[in-house]
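Please look over the side-chain contacts in this model before we talk. My notes follow as numbered points.

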Amino acid sequence: MSQRVRLYFATSLDGFIADRDGSVDWLEAHDPEQYGYPEFFAEIGALVMGRRTYEFVRTMGDEWPYRGRRTYVLSSRPLTGLPDGVIPTPRGMSAAIASARAATSRDVWVVGGAITMQAALDEGHVDLIETFIMPVLLGRGLPVIADLSHRAELSFQGIETFPDGVVKLAYEVKRPPDGGAT
């Protein structure tokens, strides 16, 4: 299997990845391990994330959860106190994806947030989207994708359901014949 760039995220049924205050506490009742996160993470060799996501992850505890994986953080501002393997990347999404791909033979995970995932889609880097639809309606919040510059055509890859009402959907991003963004 060849190296892929993946989006892997949870969303409310009404399409939000965070509530109106930016919180994801509505996910706390769900243990990622029961949805296959360890198996997914074993396939990941490098990550790309936005600065705000990086700063959010840093508030979640002292230990860096992506230890052992090179992580490229999109930021035009300097970052301090970086964990081992975290590399600030001020040159944009394409440079970050290229660096992540060069750092590993395994898959690359674009962690987010929404602006980062949208940029990866807009620039034609994403190969696979895996989303977990959580059984909650938030009403308002941060949408997964707010404003793509073009339509992305997807090919259904599968569905998985869980006893607690969570549904996982997987889609491959179709490439146009010229190989560019759709």
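1. **Salt-bridge network.** This is a predicted model. Start with the charged side chains. Salt bridges join Arg4, Arg6, Glu43, Asp107, Glu130 and Lys168 into a network. The search of the whole structure gives 11 salt bridges.

2. Arg51 and Glu55 form a salt bridge through their side chains, at 3.0 Å from N to O. The two residues are 4 apart in helix α2 (residues 51-58), so about one helical turn separates Arg51 from Glu55.

3. Glu63 and Arg67 meet side chain to side chain in a salt bridge of 3.1 Å, N to O. Both of these residues are exposed. Glu153 and Arg151 form another salt bridge, with 2.6 Å from N to O. How accessible are the two partners, Glu153 and Arg151? Glu153 is partly exposed, with a relative accessible area of 34%. Arg151 counts as exposed, at 65% relative accessibility.

4. Now the rings. There are 16 aromatic pairs in the structure. One of them is Tyr37 with Phe41, which is stacked: the centres are 5.6 Å apart and the planes make an angle of 15°. Both residues belong to helix α1 (residues 37-42), where they sit 4 residues apart, about one turn of the helix. An α-helix has 3.6 residues a turn, so residues three or four places apart point the same way. Tyr37 is partly exposed, with a relative accessible area of 22%. Phe41, at 12% relative accessibility, counts as buried.

5. **The edge-to-face pair.** Phe40 pairs with Trp109 edge-to-face, at 4.9 Å centre to centre and 90° between the planes. Which parts does this pair tie together? Phe40 lies in helix α1 and Trp109 in strand β6 (residues 107-112), so the pair connects parts that are 69 residues apart in sequence. Phe40 is buried, with a relative accessible area of 3%. Trp109 counts as buried too, at 5% relative accessibility.

6. **The ring cluster and a charge.** Ring pairs build a cluster from Tyr8, Tyr35, Tyr37, Phe40, Phe41, Tyr54, Trp64, Tyr66, Trp109, Phe132 and Phe162. The charged end of Arg69 sits over the Phe41 ring, 4.1 Å from the ring centre.

7. **The largest nonpolar core.** This core has 23 residues. Which residues have the most contacts inside it? They are Met49, Tyr54, Trp64, Tyr66, Trp109 and Phe132. Two or more residues come from each of α1, β3 (44-50), α2, β6 and β7 (128-134). Strand β3 gives the largest share, 3 residues. A second, separate core has 22 residues, including Val48, Leu74, Ile97 and Val144.

8. **Tyr54 and the buried face of α2.** Leaving aside residues up to four places away in sequence, Tyr54 touches Met49, Trp64, Val73, Leu79, Thr80, Gly81, Leu82, Pro83 and Val86. Tyr54 is buried in α2, as are Thr53 and Val57. Down the axis of α2, the buried residues fall within an arc of 100°, so they line one face of the helix. Their cover includes β3, β4 (70-74), β5 (86-89) and β6.

9. **Helix α4.** Please also check this helix (residues 114-122). Its buried residues are Ala114, Thr116, Met117, Gln118, Ala120 and Leu121. After α4 comes Gly124, which has a positive phi, near 75°.

Conventions. Residues are numbered from 1 along each chain as its sequence is written. This is a predicted model: local features need pLDDT of at least 70, side-chain atom pairs count only at pLDDT 80 or more; totals for chains, interfaces and linings use all residues. Side-chain values use heavy atoms; hydrogens and water are left out. A salt bridge is a side-chain nitrogen of Lys or Arg within 4 Å of a carboxyl oxygen of Asp or Glu. Buried means under 20% relative accessible area, exposed over 50%, partly exposed in between (1.4 Å probe, protein chains only). Rings of Phe, Tyr and Trp (its six-membered ring) pair if their centres lie within 6.5 Å; planes under 30 degrees apart count as stacked, over 60 as edge-to-face and the rest as tilted. A charge sits over a ring if NZ of Lys or CZ of Arg is within 6 Å of the ring centre and within 35 degrees of the ring normal. A nonpolar core is a set of buried Ala, Val, Leu, Ile, Met, Phe, Trp, Tyr and Cys residues joined through side-chain atoms within 4.5 Å. Contact means heavy atoms within 4.5 Å. The arc is that of the directions from the helix axis to the C-beta atoms.
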